[in-house]
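Here is a friendly walk through one model for someone meeting it for the first time. Have a look at the picture, then read on.

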Amino acid sequence: MKELKEQGFKNVTGFESGSDIGGIWDIKNTRSTCWPQLYANISKLNFAYPDFPWQFNPEKELYHASIKEVYDYLHKYATVFKLLDDIQFHSKVLQITPEKVHLTEDGEQKCAQWSMEYVLNGNKKKKRPLIVW
Ligand SMILES: Cc1cc2nc3c(=O)[nH]c(=O)nc-3n(C[C@H](O)[C@H](O)[C@H](O)COP(=O)(O)OP(=O)(O)OC[C@H]3O[C@@H](n4cnc5c(N)ncnc54)[C@H](O)[C@@H]3O)c2cc1C
């Protein structure tokens, strides 16, 4: 979303079925398969957005982030780049057809018109939203 905005796209909107960002790193998300003691297997030096390096003191902190640290990092990123207001929570994408997103918003079925869609729904569920082109 940040990159699209920086490229000049208007009305960049994220649809998230859950109530928060973080994906698998959000332990509250029912889709998350993570556990509270999980640490990332890639160090903070590499497991970061290039334009948002991890602020940490290697003498006092581990190089590998805990699930809570990853969650906080993602939140900081979304806050600093002002993305949170552009995410529609409780909005589950059911299907994407050319220029249309079919979704349920708080349980109600809707259809929204968009000129371009990206699907970023993780990889754990067997079925991704159906893209019909
Ligand atoms: C147990 C485990 C440990 C991992 N550890 C590491 C690690 O240490 N290092 C590493 O680099 N990677 C790790 N990964 C890989 C991990 O998948 C990525 O780090 C990253 O979280 C993937 O991000 P994502 O946004 O693609 O998917 P996710 O984090 O899964 O986020 C997908 C989001 O899309 C939402 N969503 C899904 N379907 C819909 C829909 N139809 N409509 C609306 N919203 C929807 C979900 O609610 C979720 O918020 C791990 C994965 C697992 C399962």
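Which exposed residues sit on the face of H2 turned away from its buried side? They are Lys-68, Thr-79 and Val-80. Here, a residue is buried if 20 or more other C-beta atoms lie within 10 Å of its own, exposed if 12 or fewer, and partly exposed in between, with C-beta atoms placed from the backbone.

Before going further, a word on the ground rules. This is a predicted model, where local features need pLDDT of at least 70, side-chain atom pairs count only at pLDDT 80 or more, and totals for chains, interfaces and linings use all residues. Residues are numbered from 1 along each chain as its sequence is written.

**The whole chain**

The chain has 2 helices and 8 strands, in the order α-β-β-β-α-β-β-β-β-β from the N terminus. Helices (H or I, at least four residues) and strands (E, at least two) are DSSP runs, numbered from the N terminus. The C-alpha trace spans about 50 × 35 × 25 Å along its principal axes. Of the 133 residues in the chain, 13% are buried. Take the contacts with a separation of 6 or more: residues 24 or more positions apart account for 50% of them. Two residues are in contact if their C-beta atoms, placed from the backbone, lie within 7 Å.

**Back to helix H2**

H2 covers residues 67–80, and its 14 residues reach 20 Å from first C-alpha to last, close to the 20 Å expected at 1.5 Å a residue. That expected span is 1.5 Å times one less than the number of residues. The buried residues of H2 are Ile-67, Val-70, Tyr-71 and Tyr-73. They cover an arc of only 160° around the axis, which puts them on the same side of H2; the arc is that of the directions from the helix axis to the C-beta atoms. These buried residues pack against S2 and strand S3 (64–66).

From Asp-72 to Gln-55 is 17 residues in sequence and 12 Å in space, C-alpha to C-alpha. After H2 comes Lys-82, whose phi is positive, near 50°.

**Strands that pair up**

Two strands pair if DSSP finds at least two bridges between them. Here are two such pairs.

| Pair | Sense | Bridges | One bridge |
|---|---|---|---|
| S2 and S3 | antiparallel | 2 bridges | Tyr-39 with Ser-66 in S3 |
| S6 and S7 | antiparallel | 6 bridges | Lys-100 with Gln-113 in S7 |

S6 and S7 form a hairpin with 2 residues between them, and Asp-106 in the turn has a positive phi of about 50°. S7 (residues 108–113) lies largely in the open, because 0 of its 6 residues are buried. S2 lies largely in the open as well, because 0 of its 5 residues are buried.

**Around the ligand**

Which residues come nearest to the ligand? Of the 22 around it, they are Ser-17, Gly-23, Ala-40, Asn-121 and Gly-122. A residue counts as near if its C-beta atom, placed from the backbone, lies within 6 Å. Strands S2 (39–43) and S5 (91–97) each supply at least two residues of this shell, and the largest share, 3 residues, comes from S2. By class, the shell has 10 nonpolar, 8 polar and 4 charged residues. Ala, Val, Leu, Ile, Met, Phe, Trp, Tyr, Cys and Pro count as nonpolar, Asp, Glu, Lys and Arg as charged, and the others, Gly among them, as polar.
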